[in-house]
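I opened my notebook to work through this structure step by step.

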Number of protein chains: 2
Amino acid sequence: MAARRAVEKELTQQMIIDVAHELFVEEGYQNVSMRKIAKSLGYSHGAIYYHFTSKADLFTAMVDQDFAMINKEIDKLDQLELSNKEKLRELLLGYIQFGVTYKNHYEVMFLIRDKEINSYDMESPIKSYQKFAAKIAEFTNNQLPVPVIWSVFLMLHGFVAQYCRTDQSFENIKSMADIHVDLILRSITKD
Amino acid sequence: MAARRAVEKELTQQMIIDVAHELFVEEGYQNVSMRKIAKSLGYSHGAIYYHFTSKADLFTAMVDQDFAMINKEIDKLDQLELSNKEKLRELLLGYIQFGVTYKNHYEVMFLIRDKEINSYDMESPIKSYQKFAAKIAEFTNNQLPVPVIWSVFLMLHGFVAQYCRTDQSFENIKSMADIHVDLILRSITKD
DNA sequence: CCTTTTTATTAACCACTGTTCAATTAAATC
DNA sequence: GATTTAATTGAACAGTGGTTAATAAAAAGG
């Protein structure tokens, strides 16, 4: 009494990750069971174990993907024809836009904490941060001390961490984001 | 086949809250069972239900206490003999000190999210924020627009949210906190 | 001392968990 | 068309969860 679907409906790792993503954010790691994910996909829970060896495995695969995504966003800045000052603004505002637009991604990347998962090595987040920090340094002509860059990151993080947990779209909070970024820029640029 | 202890060891609501606090932060709401809390106290899990009607009840009682604590800290500032500028600095640094010193409190107040608990009405956090915002307005002679005050709060929140999840003491990160507060002050004061 | 009240224990209930695995079937290969 | 391989199922295992109810001991009141 088992079965296998038509090829068009075959389960993929990406399908699982996408559904798991939404659920993990809405309900937290511990409140989402493999059965729940499977049900949401319309498959049996056993099927997921064919694609991932464990729940933690699924989670880390998901998060790694998210960090790859943020890295891409940062790299996009190089294509823009702007002054350093403008690029810096884009970077900060872009960070907020990313976090508020992909709330699910941001939440799992920075906000969810779980003992079961903290064995997950911190390589991806650290690499992403370094990329971000290097860009800030570049756009400020390497005038900024390292701790100040870290401080700037934390200011952004505070904003995103808050709005991540609301239903507001980026458009909705754009004006608030502008104020926030202006304040940050004001704090690091000498008039 | 039941038993009862000597009076010196009688269980109190406060004892339960204190132990639950540590556990909730270390392991998250869903990973801490009533049995675990009881075991950590050296009592049976049934005993907790004598003092709290449910797990969620215990949690909200705990959080309400935490907000009362932060309100007290804010009120303390009135006793200080300082200029507004100095008081502002104290307020911002004090916020960080509170968050980093009472990591458990901060975590449950602002960072833990759980469907089971979000029915909890937001009265306490909102009242605390308004107290905080009013003080900022006061210390800046009501020159700051409301959204800027909110922005300042988010900058602080970003810092605390991060260090909340490390083992660093406030003393340890004091210099980083100073940098952060200086940046914030720089952003809201016209030179 | 006896009764009442307060507190604590324990078993029991039922729903749910991650994970494994034999059984099964559809698709792919020959 | 037969065989192999890849994908899926669902039962089973061995827990854990919150909560309740029956029960018993300590403390308080008389």
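**Entry 1: two domains in chain A.** I began with the distance between the domains. The C-alpha centres of domain 1 of chain A and domain 2 of chain A are 28 Å apart. I noted that this is a predicted model. Then I looked up the bounds: domain 1 of chain A runs over 9-52, and domain 2 over 63-188.

**Entry 2: where the domains touch.** How many residues of domain 1 of chain A are in contact with domain 2 of chain A? I found eight, and they meet 10 residues of domain 2. Next I looked up the area. The two domains of chain A bury about 820 Å² between them. Of that area, 56% is on carbon and sulfur atoms.

**Entry 3: polar and charged links between the domains.** I looked for salt bridges between domain 1 and domain 2 of chain A, and the count is zero. For polar contacts the count is two residue pairs, both residues of each at pLDDT 80 or more. I then sorted by class the residues on the side of domain 1 of chain A that touches domain 2 of chain A. Four are nonpolar, three are polar and one is charged.

**Entry 4: the fold of chain A.** I looked up the secondary structure. Chain A has nine helices and zero strands. Read along the sequence, the pattern of chain A is α-α-α-α-α-α-α-α-α. I also noted the extent of the C-alpha trace of chain A, which spans about 75 × 35 × 30 Å along its principal axes.

**Entry 5: chain B against chain A.** I moved on to the two chains. On the chain B side, 33 residues are in contact with 33 residues of chain A. I reminded myself how such an interface is sized: the figure often given is the accessible area lost when the parts come together. Here chain B and chain A bury about 2800 Å² between them. Carbon and sulfur atoms hold 60% of it.

Which helices of chain B supply at least two residues each to the side that touches chain A? I listed α1 (13-27), α6 (103-111), α8 (146-163) and α9 (170-188). Of the elements on that side, α8(B) gives the most, with 12 residues. By class, the side of chain B that touches chain A has 15 nonpolar, nine polar and nine charged residues.

**Entry 6: how the copies are related.** I superposed chain B on chain A. The rotation is 180°, with 0.0 Å of shift along its axis, and the RMSD is 0.1 Å. The two copies are therefore related as by a two-fold rotation axis. Which residue of chain B comes closest to the rotation axis? I found Gly158(B), with its C-alpha at 1.7 Å. Last, I compared the contact residues. The same surface serves both copies, as 100% of the contact residues of chain B recur in chain A.

Terms used:
Residues are numbered from 1 along each chain as its sequence is written. Chains are lettered from A and ligands numbered from 1 in the order in which they are written. This is a predicted model: local features need pLDDT of at least 70, side-chain atom pairs count only at pLDDT 80 or more; totals for chains, interfaces and linings use all residues. Side-chain values use heavy atoms; hydrogens and water are left out. Contact means heavy atoms within 4.5 Å. Buried area is the accessible area (1.4 Å probe) that two parts lose on being put together, summed over both. Helices (H or I, at least four residues) and strands (E, at least two) are DSSP runs, numbered from the N terminus. Ala, Val, Leu, Ile, Met, Phe, Trp, Tyr, Cys and Pro count as nonpolar, Asp, Glu, Lys and Arg as charged, and the others, Gly among them, as polar. Domain bounds come from an automatic or database domain assignment. A salt bridge is a side-chain nitrogen of Lys or Arg within 4 Å of a carboxyl oxygen of Asp or Glu. A polar contact is a pair of N or O atoms within 3.5 Å; within protein, one must be able to donate a hydrogen and the other to accept it, and residues adjacent in sequence count only if both atoms are side-chain atoms. Copies are superposed by least squares on the C-alpha atoms of residues with pLDDT of at least 70 in both.
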